[in-house]
Structure formats: C-alpha cells, structure tokens
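Student: Before we look at anything in detail, could you take me through how features of a protein model are read, one at a time?

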Amino acid sequence: MTTAAAKAPAVTKEQAEAIYSKGLEGIIAGETAVCSIEQGGLWYRGYEIHDLAQNATFEEVAFLLLEGHKPSSSELARFKAELVSERALPGVVTNFIESMGGNLASGRAVPMDILRSCVSILGHVDPDSQSNEAAAGLRKSKRLLAKIPTMIGHMQNVIDGKAIIGRERGGDESLDMAANLLYMMTGSKPAKEYARVVDVSLILYAEHDFNASTFTSRCIAGTLSDMHGAVAGGIAALKGPLHGGANEMAMEMLKEIMKDCGEGAIGTKAVDDWMQKAFDTKRKLMGFGHRVYKNGDHRAPILHKLGKAVAEKDTKNPGGHAAIKWFLLGEQVQKIMLEKKNIHPNVDFPCGMTYFTMGIPVPQYTPIFVASRVTGWCAHIMEQHANNRIIRPLSKYTGEAPRKW
Ligand code: CMC
C-alpha cells in the first residue's frame, strides 16, 4: 500500500512568523463587502459615513446593511412595518428581565450582561434559531434589531421600579426606532431633535468592519454555529472598556475630572494637572485612540457637533445640570490629549457626553450601541454563513521546550 505524501500547509511556519503581529494589528483576516475603513474614510456598502449621517435614517442604514442595497420607499415602508410588528418580546424574555430587578439594583448584574442573556433566551424560542439559511438569517436579524431596543426599554423600567412601558407591542408603533427607544426608557415621547441625535448615533455605531465584536461574531458563525450565539458573543466582546464599553467609561472619566477639579476648573490649569497625573501613572483615557484611525475617528466630530448643539440649546438637562459644561470640559480634555499625546478622540467620547446631557443613564450607553451594531454583526454573520471557511489562526508558542512527563 502506498501512502500519500503529506500535504504542505498553505502558509509555512516561517511565512506565518514573518507576518505575526500582536493583536492582529495590520493583518487582513478575511473578506467583506459590508464596510470599508481607511485612514481617510468609512463607507457602509460604498456610502460614506458623513453622507449617511446627514441624509439617511437609522432604519434606512439598517436595511442597507442587512439587505445589501439602498431601500426604495416601498422597501423601506415594508421593512419598517416588519420591525414594528416584531418589537414585542416573548413572555420568557420579559419575565427574565423582571426577575433580574434585584440583581440589577445590587449591581451584581449589569445591563450588558442582561442583554446578552436576553439574546440567548430569544434564540431558544425563535422558530428559525437552528437554521443558517440566508432567508432565516435575514428574518432573525430583523427580529433581533426590532427586539433589542425593547429589551433595553424594559430593563430601564425595571431598574427605575416602573411598570413596563409598551409590554404588549414594544412601545409606540407611530415612533421610529430611536424615538421609540427613548420613549420606552422614559415613558415620554422625546423632542424631535433628541430623537434625531440618537438616530444619528445609531447610524454611526452600526458597522465598523473587523472590530473585536464583529470578528468574535464571525468566528462563532464560522464554525457554522447559530446567529443568536454569534450575537451573544458579539455583545460579550463589545462590553469591554477597550471596545464599546468605552462610551460609558469615557463619561465616568469626565465625571471624575469634574468631581476632582470642580466645575469652576473648566478651562483652567487644574484640568491640565489632572491629565498630567493620568499620563504619569500611564492611565488609559477612555474614548481616545483607535487601532485603525491614527489621525482621528471620522464618526467622532459628527456626533460631537450634534450633541453639542443639543446641549447648547438646553441649559438644564433632566438631571438638572447645565449640559454644555460637559462639552466644554470634554473639549479641553481632547485638546490636552492631542497636544501632549497626539491621540484623537474616538466616537465613544462624544457619545458619552451626548447621551449624558440628554439624561440617558450611563449603564445603558453600551446596550444602545448594541441596538445599532446588531445590524453590522448580523450582516457579517450572514456573509460568513454564505461563504464560509472556519476561522482558525495559529499561535506563537512561548512555553517550555518539549520535555518528558
Ligand atoms: N489613553 C492613553 N494612552 C493611549 C490611549 C489612550 N486612550 N490609546 C492609545 N494609547 C497609547 C498606548 O498606550 C500606546 O502607548 P505606548 O506605545 O507607550 O505603549 C500608544 O498610545 C499606541 O497605542 P496603539 O497601539 O495605537 O493602541 P492599540 O491599537 O493597541 O489600542 C485602543 C487601541 C482603542 C484599544 C486604545 O487606544 C485604547 O485602549 N483606548 C481607550 C479605550 C477606547 O476608547 N476604546 C474605544 C475604541 S473605538 C470605538 C469602539 O470600539 O467602541
């Protein structure tokens, strides 16, 4: 019997070692038609982010990402109606959220973890949960997109000890997603300009090629596992403060600076001194830096401008603080970071200030990021399932040399 010659690996160990880069920096790890990122721009399926932020709505962008093209008006109307009809949560999910009231109040559970579990539970009752067919993937994506804001709204009601708003229908069907999310969280229909700022933030957060959470979702989908599992994995990755969790941490940092330096210190050397101490102790400043963008995140100035405009008009936010002070402090912090470290803010920095001045509770900032990024994750999961090869890189071994037991 002849034995076949051993197959040579497509990439030799020497070649792999030559391109090794810690944290996969600069490595192309797959193909996508969903989004492209360059130092000079960000495009969703070929549409530039400033164009989308100015001229599109979040629902249009979600359609673009999930269905692959710009919607016609009839396609958009059909898509929005589908989302509205899918907003209500199954009883098992609502019951779970209600059962977590005590854990949320004590801080043992945080909204991102509850949201991750809600997505898992939703998978147990979704009629398409075990199918990776394209049509099933699209149906599940729409259900997730429609239901995640309802999970956030219900969770906030439980945290606030209020009756659940919109339990039967998932809010108010006359409202688009951003406005409905704010309505479900607070019980009041938001002013148009507040709803539009949140809508734009959702557009900006929707997609960002192979970021850590999307890559996590693609790794899970690449084993031919299911969409709900891949989205739950994406939520776990997004929670971290180096990724989506930075929008909450950026605001916490600003609150800390304000507390340590005092309100009167905005624009004075006290803030410079606070920052210098942070640099001296090698503290990571949240909402700054980016793996890909070294000359600034294209999304950050868009949100900063909109958030600041709302804050300027509104001298008192729902928490009773003059809103604009947070932007004035934030701008000083940005200036110091740029001058001393040459590091620009990323989208999470203006997001923190914007949501805070609108009175949105800080622990819901990253869940709101999920309500948007689920479109990107689902688009990538469907793309991975449609043209799959398992994602299985190598590692650089740094342990002991082979030895006898
Ligand atoms: N504060 C202080 N120093 C920083 C920061 C920061 N935010 N970001 C980068 N640096 C330093 C970093 O320590 C390194 O210094 P050194 O060479 O002395 O070790 C240098 O700048 C270069 O860092 P890098 O290689 O560009 O960083 P990275 O690509 O490994 O990490 C990052 C990127 C986003 C994780 C990092 O910038 C960071 O931790 N930022 C704070 C968290 C954050 O805002 N995350 C949100 C990311 S973007 C949107 C999102 O995903 O939600």
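The dialogue below goes from the whole chain to the sheet and then to single residues.

Tutor: Please keep in mind that this is a predicted model, in which local features need pLDDT of at least 70 and side-chain atom pairs count only at pLDDT 80 or more, while totals for chains, interfaces and linings use all residues. Residues are numbered from 1 along each chain as its sequence is written, and side-chain values use heavy atoms, with hydrogens and water left out.

Student: How many helices and strands does the protein chain have?

Tutor: Helices (H or I, at least four residues) and strands (E, at least two) are DSSP runs, numbered from the N terminus. On that basis the protein chain has 18 helices and three strands. Its radius of gyration, taken over C-alpha atoms, is 22 Å, close to the 22 Å that the globule rule (2.2 Å times the number of residues to the power 0.38) gives for 405 residues, so the chain is as compact as a globular protein of that length. The C-alpha trace spans about 85 × 55 × 45 Å along its principal axes.

Student: What share of the residues of the protein chain counts as buried?

Tutor: Buried means under 20% relative accessible area, exposed over 50%, and partly exposed in between, with a 1.4 Å probe and protein chains only. Of the 405 residues, 49% count as buried. The accessible surface, from the Shrake-Rupley method with a 1.4 Å probe, comes to about 19700 Å², of which 55% belongs to carbon and sulfur atoms.

Student: Among contacts between residues at least 6 apart in sequence, what percentage joins residues at least 24 apart?

Tutor: Contact means heavy atoms within 4.5 Å. Among the contacts you describe, 74% join residues at least 24 apart.

Student: Which order do the strands of the sheet have?

Tutor: Strands of a sheet pair through backbone hydrogen bonds, either parallel or antiparallel. Two strands are taken to pair if DSSP finds at least two bridges between them. Here the open sheet of three strands has the order S1-S2-S3, with antiparallel pairing. Strand S1 (35-38) and strand S3 (47-48) are the edge strands, each pairing on one side only.

Student: How many bridges join S1 and S2, and how many join S2 to S3?

Tutor: S1 and S2 pair over four bridges in the antiparallel sense, with Ile37 standing opposite Leu42 in S2, and these two strands form a hairpin with two residues between them. Strand S2 (residues 41-44) is joined to S3 by two bridges, and Trp43 has Glu48 in S3 as its bridge partner. The hairpin of S2 and S3 also has two residues between the strands, and in this hairpin Arg45 takes a positive phi near 45°.

Student: Is Ser141 buried or exposed?

Tutor: Ser141, placed in helix H8 (residues 134-159), is buried, with a relative accessible area of 1%. Leaving aside neighbours within four places in sequence, Ser141 is in contact with Leu66, Met227, Cys378 and Met382. Gln332, in helix H16 (residues 324-341), also counts as buried, at 12% relative accessibility.

Student: Where is His344 found?

Tutor: His344 is found in the loop between H16 and helix H17 (348-357), and counts as partly exposed at 24% relative accessibility. His344 and Gly289 are 55 residues apart in sequence and 5.8 Å apart in space, C-alpha to C-alpha.

Student: Is Pro393 buried or exposed?

Tutor: Pro393 counts as exposed, at 53% relative accessibility, and is found in the segment after helix H18 (365-386). The C-alpha atoms of Pro393 and Ala16 are separated by 9.7 Å, the two residues being 377 apart along the chain.
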